[in-house]
Amino acid sequence: GLYGMDRYDQIQKHKTVTVVEGESDCWTLWHHGFIALGVSGASSITKHWDQDITEKMASDLERINVVIECDENGKSDGGGESFHKWIETLPEVTQNKIYIIDRLQMQAKDPNEMYQNDPSTFSERWKLALDNALKWSDLHSQEVKEQMEALAADGLPLLKDPNLMDQLRTTIRKSQYAGDTQPVELAVIAMTSRLLSDPINL
């Protein structure tokens, strides 16, 4: 299960927790008086963080900090990706309580490395990392926006092409479709027009 659930009374009292990957990060945070839960391998988070825990956290906590481990270029490792996928499965009420702490805030891979870099100032630097944590819902909204803008940029030349339907017919034939292409063309027009302010009725 989750490492540190035996300390849940403290989590409940303070209405906050930091979720980390590995027991050593828990030890580091506990040693300095911070509240944490550990996952023995981020890929197992969905197995250990079940529906009961989700409901408990949603009702008891005001904030859930999640440490995302990144490489020196700021790219999430496998564990970080597992955490992101796990967050996407949570109810919106829980997602809105999640704040992300990564290399940008820690200037290190994880809390344990952050401590080793300078033990004497760890507490102050960790408090600063908490203050600078980014709300997951804001990060996710920005990511979705950027993805949509990239898709729009890729698709705009095609949408503005006066020979769009010819390209569509060519693509259909390349897929080895042997029948009349007109029904397929009409279906594509009908579906894509649903994204417009004035959909076409066929």
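The lining of the largest pocket divides into 14 nonpolar residues, 4 polar and no charged; here Ala, Val, Leu, Ile, Met, Phe, Trp, Tyr, Cys and Pro count as nonpolar, Asp, Glu, Lys and Arg as charged, and the others, Gly among them, as polar. The model is predicted: local features need pLDDT of at least 70, side-chain atom pairs count only at pLDDT 80 or more, and totals for chains, interfaces and linings use all residues. Residues are numbered from 1 along each chain as its sequence is written, and side-chain values use heavy atoms, with hydrogens and water left out.

The largest pocket holds about 550 Å³ of space. Of its 18 lining residues, Leu-159, Leu-164, Val-188, Thr-192 and Leu-195 are the closest to its centre. A pocket is an open set of points on a 1 Å grid over the protein atoms alone, where a 1.4 Å probe fits, with protein on both sides within 12 Å along at least five of seven lines; lining residues have an atom within 4 Å of a point. The volume is the space filled by probe spheres set on the points, which are joined across faces, edges and corners.

Helices (H or I, at least four residues) and strands (E, at least two) are DSSP runs, numbered from the N terminus.

Ala-133 lies in the loop between α9 (122-131) and β5 (134-135).

Mean pLDDT, the predictor's confidence in each residue from 0 to 100, is 85 for the protein.
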